[in-house]
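Good morning, and thank you for coming. Please look at the sequence and the structure that I am about to show.

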Amino acid sequence: MTDISMQFLGMKLSGPIVVAATPLSESIDNIRHMEDAGASAIVLTSLFEEQLALESRALDEDLSRGTESFAESLDFLPELSDYRMTHEGYLEHVRRAREAVAIPIIASLNGTTVGGWVRLAKEMEQAGASAIELNTFALATDRSQTSADLELQLLELVDGVCKAVKVPVAVKLSQMFTSLPNLCARLEEAGARAVVLFNRFYQPDFDIETLEVRPSLHFSTPSELLPRLHWAAILFGHLNGDIAITGGVHSAEDVLKAIMAGASVTEMASALHIHGIEHIGRVLADMRYWLEKREYASLAETRGCLSRRSVPDTSPYDRGNYIKTLSSYSLRQTVAAF
Ligand SMILES: Cc1cc2nc3c(=O)[nH]c(=O)nc-3n(C[C@H](O)[C@H](O)[C@H](O)COP(=O)(O)O)c2cc1C
């Protein structure tokens with residue numbers, strides 16, 4: 001039987017499917033179900049630092065009812081009741097999840113200040129999290145903000161968190177960076193043990209009748225996997241730490257592609273919302289069947305076999321591929337026209 005265990009964040013995981021941060025893991029029953037279906041670790045939904053600010057604002061309001069003492073800057077945020085878990089509730093959930101299952105529970109954090117990131121990460125570690133995933137999101141809307149400024153802020157917070165906790169830290173990144181190999185190398189120097197490629201950030205949609213800008217959330221499709229494969233394949237061999245791929249992983253073929261690009265694990269969310277938690281078991285069975293049919297002794301031996309450093313011709317990963325793809329398309333079009 002093919003060994004499908006993988007090493008990730010210094011832990012031996014039973015397989016390559018980790019449940020990505022999603023509200024599905026807010027129920028302990030679901031968490032048990034995920035483990036039974038074959039998930040090798042679970043990333044909990046993120047705790048947002050804004051939650052704390054809102055909770056302390058609510059407390060202030062209680063203490064000084066009738067005054068207008070709370071920060072105006074919080075007014076644009078969702079109401080406190082829109083967050084599904086309070087800060088304390090989140091930490092309690094980490095404790096209960098750890099007790100409920102044997103697989104690692106990875107807490108996820110989205111902070112706004114270095115102090116906030118550090119404090120919450122420490123609390124998550126104390127609550128028993130096996131590791132911490134930093135759900136990072138920075139969006140430049142100010143012309144004076146340079147990409148170097150944003151990268152420096154990210155590195156400072158990763159450095160702060162990694163110095164404050166002993167558990168391994170993974171950094172979930174946005175796709176919007178110019179030189180990812182350089183950034184990932186510096187994240188590693190700051191203490192990150194893995195990079196997670198890439199979070200999906202939801203762009204607002206427009207209603208042209210009401211002239212409103214609306215938040216929109218849609219599940220991913222496997223086509224979103226391609227940029228992740230591309231970057232994992234470029235990064236593999238250049239980092240000492242691990243790579244996880246999240247975004248567009250729906251089938252056994254997607255998982256195999258991710259591992260062959262250089263990932264140690266995949267983090268899956270949309271497919272579980274669409275097909276249910278038991279989908280993990282089906283994907284693992286399909287993957288085992290594929291590997292056994294080709295007589296692979298282990299999944300780990302396929303890791304990185306299609307990475308940029310492993311393939312004889314690197315041009316598909318480089319600039320040449322862009323030109324070749326476009327020119328081959330126009331040739332086909334021309335032939336079709338005759
Ligand atoms: C309903 C929903 C809620 C999510 N909440 C979080 C979150 O709290 N923190 C986070 O880092 N990612 C969150 N994500 C992103 C997922 O963890 C995942 O990285 C992303 O959806 C890409 O994987 P997928 O293509 O399998 O959906 C959420 C995704 C969905 C669909």
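Predicted model: local features only at pLDDT ≥ 70, side-chain atom pairs only at ≥ 80, totals over all residues.

Residues are numbered from 1 along each chain as its sequence is written.

The protein contains 11 helices and 12 strands; these are DSSP runs, helices being H or I of at least four residues and strands being E of at least two, numbered from the N terminus. Of its 338 residues, 39% count as buried. A residue is buried if 20 or more other C-beta atoms, placed from the backbone, lie within 10 Å of its own, exposed if there are 12 or fewer, and partly exposed in between.

Let us turn to the ligand. How many residues surround the ligand? There are 23, and the closest are Ala 20, Ala 21, Asn 135, Ser 220 and Ser 270; a residue is near a molecule if its C-beta atom, placed from the backbone, lies within 6 Å of it. Strand S4 (41–48), strand S12 (265–268) and helix H9 (270–275) each supply at least two residues of this shell, and H9 gives the most, with three. By class, the shell has eight nonpolar, 12 polar and three charged residues. Here Ala, Val, Leu, Ile, Met, Phe, Trp, Tyr, Cys and Pro count as nonpolar, Asp, Glu, Lys and Arg as charged, and the others, Gly among them, as polar.

Next, helix H1, residues 28–37. Its buried residues are Ile 31, Met 34 and Glu 35. Seen down the axis of H1, they fall within an arc of 95°, so they line one face of the helix; the arc is that of the directions from the helix axis to the C-beta atoms. These buried residues pack against strand S3 (17–19), S4, helix H3 (87–100) and H10, where contact requires C-beta atoms, placed from the backbone, within 7 Å. After H1 comes Gly 38, with a positive phi near 115°.

Finally, I come to Arg 119, which is in helix H4, residues 114–127. Is Arg 119 buried or partly exposed? Arg 119 counts as partly exposed, because it has 17 C-beta neighbours inside 10 Å.

How values were computed. Contact = placed C-beta atoms within 7 Å.
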